[in-house]
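I opened the file today and worked through it from the whole chain down to single residues. My notes follow.

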Amino acid sequence: QWIAWQESQRTQKTGELIAAKTVRNYQGLLSTILGAAASRGHATRNWAKGVAITEGEPREPVFLSHREFGTILRFI
């Protein structure tokens with residue numbers, strides 16, 4: 001249910017559904033936390049391990065222009 005809820009969330013910036021990669025990142029973090037809790041006896045098992053995540057909506061990749069990259073590079 002949590003994964004389905006995550007997949008239905010929209011970004012604040014564009015209003016689009018959040019990317020499937022973002023949901024996978026959230027699920028991976030949750031799985032790591034629950035795995036650590038289970039290994040220390042604080043949880044009976046890692047409930048997030050192996051949960052299926054949909055592929056989500058395909059998106060066009062967004063890249064920095066040479067000028068944008070140069071601006072960022074100057075501040076690094």
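Predicted model: local features only at pLDDT ≥ 70, side-chain atom pairs only at ≥ 80, totals over all residues.

Overall form. I looked up the secondary structure and found three helices and zero strands. From the N terminus on, I read the order as α-α-α. I then checked the radius of gyration, which is 17 Å, whereas a compact globule of 76 residues would come near 11 Å. The box filled by the C-alpha atoms, taken along the principal axes, is roughly 50 × 30 × 20 Å.

Burial and contacts. I noted that 13% of the 76 residues are buried. Of the contacts with a separation of 6 or more, 42% join residues 24 or more positions apart.

L34. I placed L34 in helix α2, which covers residues 20–39. L34 counts as partly exposed because its relative accessibility is 22%, and the buried class requires under 20%. Setting aside neighbours within four places in sequence, I found L34 in contact with N46, W47 and A48. I also took the C-alpha to C-alpha distance from L34 to V23: 16 Å, for eleven residues of sequence.

Surface patch. Which residues form a nonpolar patch on the surface? I listed L64, F69, I72, L73 and I76, with about 550 Å² of accessible area together. One of them, L64, I located in the loop between α2 and α3, the latter being residues 66–74.

Conventions
Residues numbered from 1 in each chain as written. Heavy atoms only, no water. Helix = DSSP H or I, 4+ residues; strand = E, 2+ residues; numbered from the N terminus. Buried < 20%, exposed > 50% of the residue type's maximum accessible area, 1.4 Å probe, protein only. Contact = heavy atoms within 4.5 Å. Patch = residues over 30% accessible without salt bridge, like charges linked within 9 Å, V, L, I, M, F, W, Y side chains within 5 Å. Areas by Shrake-Rupley, 256 points an atom, 1.4 Å probe, with all protein chains shown as cover. Salt bridge = Lys/Arg side-chain N within 4 Å of Asp/Glu carboxyl O. Rg over C-alpha atoms; globule rule 2.2 N^0.38 Å.
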